[in-house]
Amino acid sequence: MTTTEIKTNDRATAEATTVRPNPATTTPRLNFAKAAPKAFRAVIGLDAAAREGLDPALVELVQIRASHLNRCAYCLHMHTTDARRAGESEGRLHMVALWQEADHFFTDREQSALALTDAVTRIGDAGVPDEVYDRAAAHFTEEELAHLLALIFTINTWNRIALSTAKRAGTDER
């Protein structure tokens, strides 16, 4: 068995044995915005700053992908809804979860952003490989790349807030 196969099997085993709350019975735990308003506003500020200069469609694709990886139904619902409102096609939305197998749905630039999203979101698995970073750096200016990284950091933070406080998908409380 190769190292990659072992990692994949270990991840699959961990995911299969991880106890996850049933979203239908989990009640919201706390209102993070009210309980920690300064921290909440700081994340909003980072989110707004991260988006500057990035294509809004790309922003939604990145947020959708990270939300898939983090299994955050609340954020996934919110960002797919926002993407639809902005004119994103159903075909592309359905393919974000499998973007590597459906690469023809996405531009090279979008693919590089999605690959970077995967690496940063799963940073504990293998860090951010040079080839992933270099691919993104070839498609984005240094400033855009910094904003893209900040966007990925931000959606991962939002996912963790939503999951930790048991936000319910479909409520879109912003």
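A residue counts as buried when its relative accessible area is under 20%, as exposed when that area is over 50%, and as partly exposed in between (1.4 Å probe, protein chains only). Of the 174 residues of this chain, 37% count as buried. The structure is a predicted model, in which local features need pLDDT of at least 70 and side-chain atom pairs count only at pLDDT 80 or more, while totals for chains, interfaces and linings use all residues. Residues are numbered from 1 along each chain as its sequence is written, and side-chain values use heavy atoms, with hydrogens and water left out.

**Overall architecture**

- The chain has 10 helices and 0 strands; helices (H or I, at least four residues) and strands (E, at least two) are DSSP runs, numbered from the N terminus.
- Along the sequence, the pattern therefore reads α-α-α-α-α-α-α-α-α-α.
- Among contacts in the chain with a separation of 6 or more, 70% join residues 24 or more positions apart; a contact means heavy atoms within 4.5 Å.

**Nonpolar cores**

- A nonpolar core is a set of buried Ala, Val, Leu, Ile, Met, Phe, Trp, Tyr and Cys residues joined through side-chain atoms within 4.5 Å.
- The largest nonpolar core has 27 residues, and Val62, Leu116, Leu148 and Leu151 touch the most other members.
- At least two residues of this core come from each of helix H4 (56–70), helix H7 (108–121), helix H9 (130–139) and helix H10 (142–164).
- A second, separate core has 11 residues, including Cys72, Cys75, Ile155 and Ile161.
- Leu148 touches Leu54, Val62, Ala113, Leu116 and Phe140, when residues up to four places away in sequence are not counted.

**Helix packing**

- Axes are lines fitted to C-alpha atoms, for helices over the stretch in contact, and angles run from 0 to 180 degrees between N-to-C directions.
- The axes of H4 and H10 come within 9 Å and cross at roughly 45 degrees.
- H4 and H10 are therefore oblique to each other, because angles under 35 degrees count as roughly parallel, over 145 as roughly antiparallel, 65 to 115 as roughly perpendicular and the rest as oblique.
- The crossing of H4 and H10 is right-handed; a crossing is left-handed if the near helix is turned anticlockwise from the far one by less than a right angle, and right-handed if clockwise.
- Residues that make this contact include Val59, Val62 and Ala66 of H4 and Leu148, Leu151 and Ile155 of H10.
- The axes of H7 and H10 come within 10 Å and cross at roughly 50 degrees, and these two helices are therefore also oblique to each other.
- H7 and H10 likewise form a right-handed crossing, with Ala113, Leu116 and Val120 of H7 and Leu145, Leu148 and Ile152 of H10 among the residues in contact.
- The axes of H7 and H9 come within 9 Å and cross at roughly 145 degrees, and H7 passes H9 in a left-handed crossing.
- The contact between H7 and H9 involves, among others, Gln111, Ala115 and Leu116 of H7 and Val132, Arg135 and Ala136 of H9.

- Trp99 is placed in the loop between helix H6 (90–95) and H7, and Trp99 is buried, with a relative accessible area of 3%.
- Trp99 and Arg65 are 34 residues apart along the chain, and their C-alpha atoms are separated by 8.9 Å.
- Beyond its neighbours within four places in sequence, Trp99 is in contact with Arg65, Phe106, Gln111, Leu114, Ala115, Asp118 and Arg135.
- Asp118 belongs to helix H7 and is buried, with a relative accessible area of 9%.
- The side chain of Asp118 makes a polar contact with the side chain of Arg65 (2.7 Å); a polar contact is a pair of N or O atoms within 3.5 Å, where within protein one must be able to donate a hydrogen and the other to accept it, and residues adjacent in sequence count only if both atoms are side-chain atoms.

**His147**

- His147 lies in helix H10 and counts as buried at 17% relative accessibility.
- The side chain of His147 reaches the backbone oxygen of Ala50 at 3.2 Å, and a polar atom of this side chain lies 3.2 Å from the backbone oxygen of Glu52.
- Leaving aside neighbours within four places in sequence, His147 is in contact with Ala49, Ala50, Glu52 and Leu54.
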